[in-house]
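Visitor: I would like to learn how to read a structure of this kind. Please take me through it one feature at a time.

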Amino acid sequence: MSKESGKAFDTGLFKRLLAHTKPYKVTFYSVALFAILLSAFAVLSPYFLQQIVDEAIKKSDAEKLLFLVLAMLGVLLAQVICQLLFNYYANWLGESVIKDVRIKLFEHMLDFRMKYFDNSSLGVLVTRAVADMQRIGEIFSQGFFVIVADLLKMIAAAALMLYMNWKLALIVFALLPVILYATRLFQQAMKVAFIEVRAQVSNLNSFVQERLTGMKIVQLFTREKIESDKFREINEKHKKAWLKTVWYNSIFFPIAEIVSSVAIGLVVWYGGLQNVTNISDNVAGTIFAYILCIEILFRPLRQIADKFNTLQMGMVAANRVFSILDTESNIDDLGTVEKTSVNGDIKFSDVRFGYLKDEEVLHGVSFDAKAGETIAIVGATGAGKSTIINLLNRFYEINSGHILIDGIDSKDYKLASLRSHIAVVLQDVFLFADTIANNISLKDESISIEAIEQAAKQIGVHEFIASLPEGYQYNVKERGSMLSSGQRQLIAFLRAYVSNPSILILDEATSSVDTYSERLIQRATEKITEGRTSIIIAHRLATIKKADKILVMDAGKIVESGTHYELLKKGGYYNNLYEAQFMEEEVA
Ligand SMILES: Nc1ncnc2c1ncn2[C@@H]1O[C@H](COP(=O)(O)OP(=O)(O)OP(=O)(O)O)[C@@H](O)[C@H]1O
Ligand SMILES: [Mg+2]
């Protein structure tokens with residue numbers, strides 16, 4: 001992970017962020033214009049007030065009074081409208097930037113290699129795509145523009161004060177260092193407090209998420225008390241962190257209030273004195289105007305600490321998101337071969353591969369499967385069977401050797417073309433929180449519901465699906481939790497079957513299923529392997545017996561290969577494996 005920007009403000013990062021507002025140039029400049037208008041309107045009110053007192057009331061000019069009051073009303077109205085537009089469009093800009101960056105991030109992630117996901121925490125990636133995006137949006141909606149608008153207002157107010165009476169202005173300015181210093185202290189304290197709050201919020205999130213996902217384990221092992229105690233503890237920390245921010249606010253705001261009251265008091269006293277001693281007889285209006293100006297000058301200072309924190313948090317989030325966007329972890333898709341169909345000849349020659357740099361998992365695997373054959377791979381757990389599938393699909397790059405499909409190196413195919421010819425039923429079936437029909441077609445519109453039903457009938461799972469509450473429209477909920485693991489596997493079979501691939505790969509689930517499902521799965525397997533090259537990582541005897549060739553794997557190598565009977569005759573590794581399983585079957 002890249003460094004969390006330690007600087008108060010990272011210009012390079014900010015420029016990069018600003019680049020994302022380019023498509024919304026008009027809005028961007030409009031918001032800037034509203035900010036300028038706002039500051040102008042803000043100081044017009046005090047100015048008119050001064051005029052009303054000094055030029056209209058004192059001089060008993062009713063006509064001028066009416067005119068000035070109406071003018072002031074007009075300015076207020078314009079200010080309100082301006083504020084509304086400013087708020088709306090600043091937020092609009094923020095949301096538009098979020099939308100763009102989020103889509104970009106997601107599209108970037110879609111192309112990542114599996115290796116990236118192996119090494120990343122899902123929770124962190126989700127945070128980047130959701131919560132961090134919100135922070136980035138706040139830079140625009142609550143941070144940057146608001147700070148600029150406030151600064152402009154303050155400058156305008158200061159200028160007006162100097163213009164009206166420079167001596168009074170200097171008195172007020174003399175108090176600024178006090179409030180600036182207090183603001184600085186407050187901001188630093190709040191920053192630390194907020195980091196703690198966020199850390200606790202993320203602790204809460206991951207705790208709740210993990211316990212809810214693992215609720216079965218929690219209840220099975222009666223860990224309710226322990227978990228609830230732990231939760232209490234995290235909550236306590238969260239509360240403490242929050243209260244700290246409340247405490248700082250409680251101290252800071254009265255201080256800011258006192259300083260601005262003192263400023264007003266000094267102005268009234270000194271200004272009044274000037275009037276009384278006749279140094280100037282035109283101070284009354286100015287004093288009124290000053291009371292408004294002091295508000296304009298001091299109020300933003302009170303909130304600026306908050307705004308700076310928003311800005312800073314946004315920048316930290318932007319930094320994290322950009323570091324993912326900068327991660328080059330895409331699969332090289334440099335191949336050019338695109339075929340509308342392949343025969344399905346597969347050849348592995350001396351393939352070596354490891355997930356980690358110095359840890360080879362496959363130590364030179366060679367085998368071939370002719371078009372239409374069914375190859376079974378058997379072997380101990382962790383032998384490297386599923387790894388072979390990952391490589392055929394190019395989820396990972398091999399270290400050395402070749403994988404050929406129809407005599408062409410798999411790297412020479414366009415990735416999308418390669419994968420379109422291979423259908424895979426993975427060991428752990430993943431289903432989306434959607435209907436069965438959508439889980440089968442994966443929203444491919446060329447696959448009609450009739451085609452799905454037809455296919456289901458062919459492989460003999462139609463009855464099972466039709467028996468579900470809403471048949472093909474049954475929503476299986478998150479990860480298919482409404483189905484048993486055998487049922488999920490059948491859905492995955494159908495998903496592979498409707499895509500009508502030339503090459504079919506099946507990683508049989510190790511978990512045992514009931515005899516009825518077992519028979520269904522067996523029948524479906526036979527049907528979908530018909531007429532195409534199939535590689536089956538097999539655990540079921542029936543599957544193995546019928547294979548054209550069986551590869552026996554052990555510790556990343558193929559140790560034996562041949563048909564069921566050849567291997568039995570050999571009396572080696574396979575024979576032992578078979579006998580062990582056969583005994584189990586007998587017992588069962
Ligand atoms: N994503 C991964 N990152 C790092 N190592 C991995 C990864 N996936 C698998 N391995 C390792 O590679 C080896 C082979 O795993 P593989 O999944 O191919 O085994 P398998 O033969 O399919 O086992 P099983 O019968 O239990 O499914 C194992 O030692 C495993 O620890
Ligand atoms: Mg496996």
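Visitor: How many salt bridges are counted between domain 1 and domain 2?

Guide: A salt bridge is a side-chain nitrogen of Lys or Arg within 4 Å of a carboxyl oxygen of Asp or Glu. Between domain 1 and domain 2 the count is zero. This is a predicted model, in which local features need pLDDT of at least 70, side-chain atom pairs count only at pLDDT 80 or more, and totals for chains, interfaces and linings use all residues. Residues are numbered from 1 along each chain as its sequence is written, chains are lettered from A and ligands numbered from 1 in the order in which they are written, and side-chain values use heavy atoms, with hydrogens and water left out.

Visitor: What area do domain 1 and domain 2 bury between them?

Guide: The size of an interface is often given as the accessible area lost when the parts come together. Buried area is the accessible area (1.4 Å probe) that two parts lose on being put together, summed over both. For domain 1 and domain 2 this is about 430 Å², with 53% of it on carbon and sulfur atoms. Helices (H or I, at least four residues) and strands (E, at least two) are DSSP runs, numbered from the N terminus.

Visitor: Which strands form the open sheet, and in what order?

Guide: Two strands pair if DSSP finds at least two bridges between them. The open sheet has four strands in the order β2-β1-β4-β5, with antiparallel pairing. Its edge strands, β2 (362-369) and β5 (408-409), each pair on one side only. Within the sheet, β1 (residues 346-353) and β4 (residues 400-405) are joined antiparallel by five bridges, and Ile346 stands opposite Ile405 in β4. Ile405 also has Ile408 in β5 as a bridge partner. β4 and β5 form a hairpin with two residues between them, and Asp406 in the turn has a positive phi of about 55 degrees.

Visitor: Which strands pair with β9?

Guide: Strand β3 (residues 374-379) runs parallel to β9 (residues 549-554), with five bridges. Strand β10 (residues 557-562) pairs with β9 in the antiparallel sense, also over five bridges. Met553 in β9 is the bridge partner of Gly379 and stands opposite Ile558 in β10. β9 and β10 form a hairpin with two residues between them, where Ala555 in the turn has a positive phi of about 45 degrees.
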